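Hi,

Here is the structure I promised to pass on. Have a look at it first, and then read my notes below.

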Amino acid sequence: MTDAPRVGYAAGAYDLFHIGHLNLLRHAKSQCDVLIAGVVADEMLELTKGISPMVPLAERLEIVSHIDFVDHAYAETVPDKMDVWRELQFDVFFKGDDWRGTEKGLKLEREFAEVGVEVVYFPYTMSTSSTILRRAVSALDEDSAAVR
């Protein structure tokens, strides 16, 4: 008898895809048999983070689905991760350690513990982030507008 495959879920905006995203997915795949990358929908990013992605969902899904470590890319269209779990039934949830100890992170840990899902944190890539890239693009836009 074989054990069921360990299914992992790594959610993110994956906007302005960068090395931090790649590192998260690589580390996640090393700890599960099947990796599902949840790509957060545009509306959910606006609702939960108050930001509009620079790259539309369809394009982000296309990019993430072609990463070797990702077995499935999933459009995350609901704000509650428990609703996502009910649909996908993953065993482990991966997140950057910038969530560790936060209100959101602790809430996720409690809810997932109730259904037997392990939460695993990976080091957040401080040198590059979508927030930093978004600021740089905005600054370039402002500079080019001032030149006109």
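Helix α4 (residues 81–88) has four names to look for on its buried side: Lys81, Met82, Val84 and Trp85. Buried here means under 20% relative accessible area, with a 1.4 Å probe and protein chains only. They span an arc of only 155 degrees around the axis, so they sit on the same side of α4; the arc is taken from the directions from the helix axis to the C-beta atoms. Helices are DSSP runs of H or I with at least four residues, strands are E runs of at least two, and both are numbered from the N terminus.

This is a predicted model: local features need pLDDT of at least 70, side-chain atom pairs count only at pLDDT 80 or more, and totals for chains, interfaces and linings use all residues. Residues are numbered from 1 along each chain as its sequence is written, and side-chain values use heavy atoms, without hydrogens and water.

What do the buried residues of α4 pack against? Their partners are β1 (7–12), β3 (72–76), β4 and α5 (103–114), with contact meaning heavy atoms within 4.5 Å. At the start of α4, the backbone nitrogen of Met82 has a side-chain oxygen of Asp80 within 2.8 Å. After α4 comes Gln89, with a positive phi near 55 degrees.

Next, the cores: the largest nonpolar one has 23 residues, and Tyr14 and Phe94 are among those with the most contacts inside it. Such a core joins buried Ala, Val, Leu, Ile, Met, Phe, Trp, Tyr and Cys residues through side-chain atoms within 4.5 Å. β2 gives the most to this core, with 4 residues.

Cheers

How values were computed: Buried means under 20% relative accessible area, exposed over 50%, partly exposed in between (1.4 Å probe, protein chains only). A polar contact is a pair of N or O atoms within 3.5 Å; within protein, one must be able to donate a hydrogen and the other to accept it, and residues adjacent in sequence count only if both atoms are side-chain atoms.
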